Amino acid sequence: MLQLLNGAHVAGAVSCLAQLGIPDLVEAGPKSAEELASQIGVHPQALYRLMRATAGVGVLSEGPDGRFSETPMSAVLRSNASPSLRALAIMGGREWHGRGWSRLEYCVRTGKQALDQIYGMPVFEYLKQHPEEAQIFNDAMTGLSMIDSPAVAEAYNFGGLRSIVDVGGGHGLLLATILQRNIYLTGTLYDMAHVVEGAANGPLKPVMERCTLASGDMFSSVPAGADAYIMKHIIHDWPDDLCLKILKACRKGVNSGGRLLVVDNVIQPDNDLSPGKFLDLQMLIFPGGCERTEKQFRDLFATAGWQLSRVIRTVGPDSIVEGVPA
Ligand SMILES: C[S@@+](CC[C@H](N)C(=O)[O-])C[C@H]1O[C@@H](n2cnc3c(N)ncnc32)[C@H](O)[C@@H]1O
């Protein structure tokens, strides 16, 4: 139990290490806390204590000379790592995120979302109004996508499809990965205007001749006339009534014989400590959605005019829940 209770402290320390950029600075070779502290202008003793703590859980390694070296666990926090979890680690330490989690009890009591109570606005509106936080959030999503995207592109056969829309596609890494592997496919990245703005110079750049950028509100409409609508980590963001709006918009827009591809963690009805169940709490605190079981996806699809045809596991944490027009 003490170990579990310590979890928040471990995550906080790792987040701070990433924020200070220490994993980047030890890439070239071992460094002492004094050297690093003078390089980045922080308190040497305090930095030593931070690094000693994270080294205790395998994030850095302290040598007999007191210098700290990179480990596989610190390497994944470097900005230039692929995948890089640096932005995700940093996001966990941002004030809005910490304040959100501090209101979990409120969310459990009411079923409402924390940021509405704290800042008087939902999370995506908060991000829209705070560009620095939005940048960290979008980079965090791209970092996770470096793991998920190849897994999805590998697990699904896109052959036979001519066009695909990535709904809520963020900065477009998933779409870029799919287009790179399927040269006959054209794609549309669809997201809120301020997010799409940041996408033009992102991962889609090499495939821009086969890609369109579109912005709008997915609860009202999605770009029409595609063979497939894919959405990763979108349905888990929202409660059923809002998911139905998105899924119905896709149903309206899809070409005949087309498909729906929902990429999310599918909750297994066992009792393990799968990260999906904690991600589920994150969905409760922030946008108000939830992780779902296969049956919940099947029911949701049916209400929106889709028939769940298959659930395809990927090598990552997500599955692809495929639907066809009912
Ligand atoms: C959890 S992120 C997932 C991003 C991306 N699909 C991925 O897996 O990395 C949710 C995305 O939904 C977008 N989004 C939120 N509300 C939206 C709306 N009303 N219309 C279009 N996109 C929206 C956000 O801007 C964000 O990029």
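A polar contact is a pair of N or O atoms within 3.5 Å; within protein, one must be able to donate a hydrogen and the other to accept it, and residues adjacent in sequence count only if both atoms are side-chain atoms. In this structure, a backbone N or O atom of Gly168 lies 2.8 Å from a nitrogen atom of the ligand. The model is predicted: local features need pLDDT of at least 70, side-chain atom pairs count only at pLDDT 80 or more, and totals for chains, interfaces and linings use all residues. Residues are numbered from 1 along each chain as its sequence is written, and side-chain values use heavy atoms, with hydrogens and water left out.

**Ligand surroundings**

- The ligand is surrounded by 18 residues, the closest being Gly168, Asp191, Asp217, Met218 and Lys232; a residue is near a molecule if one of its heavy atoms lies within 4 Å of it.
- Asp217 places a polar side-chain atom 2.9 Å from a nitrogen atom of the ligand, and a polar backbone atom of Met218 is 3.0 Å from a nitrogen atom of the ligand.
- The protein buries 93% of the 600 Å² that the ligand exposes when taken alone (Shrake-Rupley method, 1.4 Å probe).
- The shell around the ligand divides into eight nonpolar, six polar and four charged residues, with Gly counted as polar.
- Helix H12 (residues 131-155) supplies the largest share of this shell, three residues; helices (H or I, at least four residues) and strands (E, at least two) are DSSP runs, numbered from the N terminus.

**Sheet and packing helices**

- Seven strands make up an open sheet of mixed pairing, in the order S5-S4-S3-S6-S7-S9-S8; two strands pair if DSSP finds at least two bridges between them.
- Strand S5 (211-215) and strand S8 (306-313) are the edge strands, each pairing on one side only.
- Strand S4 (residues 186-191) pairs with S5 in the parallel sense over five bridges, and Gly187 stands opposite Cys211 in S5.
- Helix H15 (residues 240-253) packs on the sheet and touches S3, S6, S7, S8 and S9, where contact means heavy atoms within 4.5 Å.
- The direction of H15 makes about 150° with that of S7; axes are lines fitted to C-alpha atoms, for helices over the stretch in contact, and angles run from 0 to 180 degrees between N-to-C directions.

**Backbone features**

- Most residues other than glycine have a negative phi, and most peptide bonds are trans.
- Ser82 and Pro83 are joined by a cis peptide bond, with omega about 5°.
- Leu60, although not a glycine, has a positive phi of about 95°.
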